[in-house]
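Colleague: Could you take me closely through the surroundings of the ligand, and then through the sheets? I would like the cut-offs along the way, please.

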Amino acid sequence: MASPPMPPMPVESSWRAPGRVNLIGEHTDYNDGFCLPLAIPYGCTATVSPLSEPVLEVVSAQQEAPVEIALAELRPGRLTGADAWAGYAAGVAWAIAERGHRLPGLSISLDGDVPLGAGLSSSAALECSVAAALDDQLALGLDRSELVALARQAENDFVGAPTGGMDQLASVFAERDRVLLCDMRTLAVEPVPFDLDAAGLSLLVIDTRAPHQLTDGSYGERRAACEEAARLLGVPALRDVDLEGLPEALDRLPDETLRKRARHVITENDRTLACADLLRTGQLRRIGPLLTASHESMRDDFEITVPEVDLAVEVLLAFGAAGARMTGGGFGGCVIALMEPAQARAGALAVQAAFAGRGYAEPVGFPVTAAAGVHRLG
Ligand code: GLA
């Protein structure tokens, strides 16, 4: 008997996934800890359609030339130099093939509006939109956790960025007017209320335009130091040391750099859980001091801020922000501040003036609200 005909492939599948800001919980994800990201109303749209040739074509509205790679050649290390940007998309297709699915020829067309290199997870938005669009187009029937896993595999193993998974989790599971409490050991997520409008507050983002790069060595160095500290303390990850155990842990670590790195992660986990507690009980206005303490910890203990970022935080606090901190991987990128809407406008202008005074690149400020995670278009 003839086998039933394959269902026809849809003409195309179009999905959008957001970038994120992390409210608090920085460099905790690869320590099996806690973070509290929200999706922003900027993202990436991926449209996947079939091709008759056995190739993967990646086209982006933000790039000059398309990249084409034969399916047989699809493996890490094949897209470098000017073609490297396409690796975030091709990596997802590769991760699908690695799971034993046969890939037909495909075209992936991308269009994103997350500022690039700003630490707002333009790469996770790209990966997650591609994962969802490929899943749909190829009728793989993956659940959301599997989409996160594909996106992470693309980033870690295909592109080679040793990141911790928060960004992809946020891009897939985020919800409107909620932040997502992520337990990075179990990958459990809990949406927690974060209705800025109802609280009469604004979350201002300042893109400092100080360059930010996660594939260079600094991020990996921080990660290695944390792993070394956990090893010396005899725990699986720094997540396993709480605030109560901090003094003893510090006594046992042999050098000041390791002590500082560990102190950041251990106190940051605590601040993140405290922040989630306040938000669960409707006390959004009271989280400010936790945000600012997080910044100080990143500046003094984790040492991942840069002068532009510190200046932006200082100016925003002077302009009445309830709290302000760098968000994301660090070494540049964005600052967030919780402010009254009128203050936010004045604060953004003040940061601009302060940057001009120091001869820094012109920063860009915009408010964000918590947006939805990955979704189908049309
Ligand atoms: C980047 C990484 C995340 C996380 C943050 C720091 O955004 O992609 O995995 O480690 O830095 O919190």
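Modeller: Happy to! The ligand is surrounded by 14 residues, and the closest are Glu26, His27, Asp29, Asp167 and Tyr219; a residue belongs to this shell if one of its heavy atoms lies within 4 Å of the ligand. Please keep in mind that this is a predicted model, where local features need pLDDT of at least 70, side-chain atom pairs count only at pLDDT 80 or more, and totals for chains, interfaces and linings use all residues. Residues are numbered from 1 along each chain as its sequence is written, and side-chain values use heavy atoms, with hydrogens and water left out.

By class, the shell holds four nonpolar, six polar and four charged residues. Here Ala, Val, Leu, Ile, Met, Phe, Trp, Tyr, Cys and Pro count as nonpolar, Asp, Glu, Lys and Arg as charged, and the others, Gly among them, as polar.

Now for the polar contacts, meaning pairs of N or O atoms within 3.5 Å. The side chain of Asp29 has an N or O atom 2.5 Å from an oxygen atom of the ligand. For Arg20, a polar side-chain atom lies 2.8 Å from a ligand oxygen atom, while Gly164 uses a backbone N or O atom, 2.8 Å from an oxygen atom of the ligand. Taken alone the ligand exposes 300 Å², and the protein buries 99% of that, with areas from the Shrake-Rupley method and a 1.4 Å probe.

On to the sheets. Strands are DSSP runs of E with at least two residues, numbered from the N terminus, and two of them pair if DSSP finds at least two bridges between them. β2 joins β7 over two bridges, and Phe34 has Asp183 in β7 as its bridge partner. Asp183 also has a bridge partner in β8, namely Ala188. Six bridges link β7 (residues 178–183) with β8 (residues 188–193). These two strands form a hairpin with four residues between them, and Leu187 in the turn has a positive phi of about 65°.

The other open sheet to look at has six strands in the order β5-β4-β6-β3-β1-β13, with mixed pairing. Its edges are β5 (67–70) and β13 (375–376), each pairing on one side only. β13 runs antiparallel to β1 (residues 13–22), joined by two bridges, and there Arg16 stands opposite His375.

Definitions and conventions. Polar contact = N/O pair within 3.5 Å; in protein donor to acceptor, adjacent residues only side chain to side chain.
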